[in-house]
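Here are my notes for you on this one. Have the viewer open while you read, and take the points in order.

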Amino acid sequence: MKLGLAIRELHRSEHKLACQLSALSARHTVEHEIFYTSRDIAVWSREHIADLADAGTRYGLTLSADPHSTAHAAGLQQRISALLGRRPEPALLLLADLRRVHRTAAGVSLDWELLAQGAQAVKDVDLIDLAQRGHPQTLRQMRWANGMLKTLSPQALSS
């Protein structure tokens, strides 16, 4: 069934989003709102990865429930962040990172939509329920990144 392809792609894109949010947190430790919020909302993607791995078994998929944390690079990224501090260049890097997170979250949102439509077509109530739980969290991740871009871009681009 082709629905397995949608589950696999969503699993892959959620993994990418979790990694990007974790890297964002590690790279921008001096920006406390970025550091804590990105770390907190990355948890949603890690939960989605585990839920999708579980759902995938019903469609013959073997997906990892482990999000393969970027912890090995986090220490180095945090040291670099501390060295760079609040110079203007990190502000531009932060905008680039937030743009990347926003674009990835938008793609994940579309993947949730596709999965929900497919689940409705085959009347898979459990998969519909998963999409109804996961998609709103992805939308919140995307809106957060968009809001941070709007908040931070005037200062970063005008200085």
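Predicted model: local features only at pLDDT ≥ 70, side-chain atom pairs only at ≥ 80, totals over all residues.

1. Now the chain as a whole. It has 159 residues, and 45% of them are buried. Next, look at the contacts between residues at least 6 apart in sequence: 82% of these join residues at least 24 apart.

2. Helix α1 covers residues 3–27 and helix α2 covers residues 32–57. How do α1 and α2 run relative to each other, roughly parallel or roughly antiparallel? Their packing angle is about 160 degrees, and their axes lie 8 Å apart. Anything over 145 degrees counts as roughly antiparallel, and that is therefore the label for α1 and α2. The crossing of α1 past α2 is left-handed. If you sort the residues in this contact by class, you get 14 nonpolar, 8 polar and 3 charged.

3. Stay with α1 and pick out Cys19, which sits in this helix. Is Cys19 buried or exposed? Its relative accessible area is 17%; the cut-off for buried is under 20%, so Cys19 counts as buried.

4. Which residues does Gln20 touch, once you leave aside its neighbours within four places in sequence? The answer is Arg100, Val101 and Thr104. For orientation, helix α4 spans 88–122.

5. Next comes the loop between α1 and α2, where you'll find Glu31. Glu31 has a relative accessible area of 24%, so it is partly exposed. Between Glu31 and Ala91 there are 60 residues along the chain, counted as a separation in sequence, yet the C-alpha atoms of the two are 9.7 Å apart.

6. A pair of aromatic rings is described by two things, the distance of the centres and the angle of the planes. Searching the whole structure turns up 1 aromatic pair. It is made by Phe35 and Tyr36, whose ring centres are 4.7 Å apart with 80 degrees between the planes. That makes the pair edge-to-face. How accessible are the two partners? Phe35 is buried, at 12% relative accessible area, whereas Tyr36 is partly exposed, at 41%.

7. Last stop: Lys123, in the loop between α4 (88–122) and α5 (125–158). The phi of Lys123, however, is positive, near 60 degrees. Is Lys123 buried or exposed? Its relative accessible area is 68%, so Lys123 counts as exposed.

How values were computed. Residues numbered from 1 in each chain as written. Heavy atoms only, no water. Axes fitted to C-alpha atoms, helices over the stretch in contact; angles between N-to-C directions. Helix = DSSP H or I, 4+ residues; strand = E, 2+ residues; numbered from the N terminus. Parallel < 35°, antiparallel > 145°, perpendicular 65-115°, else oblique. Left-handed = near helix turned anticlockwise from the far one by under 90°. Nonpolar A, V, L, I, M, F, W, Y, C, P; charged D, E, K, R; others polar. Phe/Tyr/Trp six-rings, centres within 6.5 Å; stacked < 30°, edge-to-face > 60°. Buried < 20%, exposed > 50% of the residue type's maximum accessible area, 1.4 Å probe, protein only. Contact = heavy atoms within 4.5 Å.
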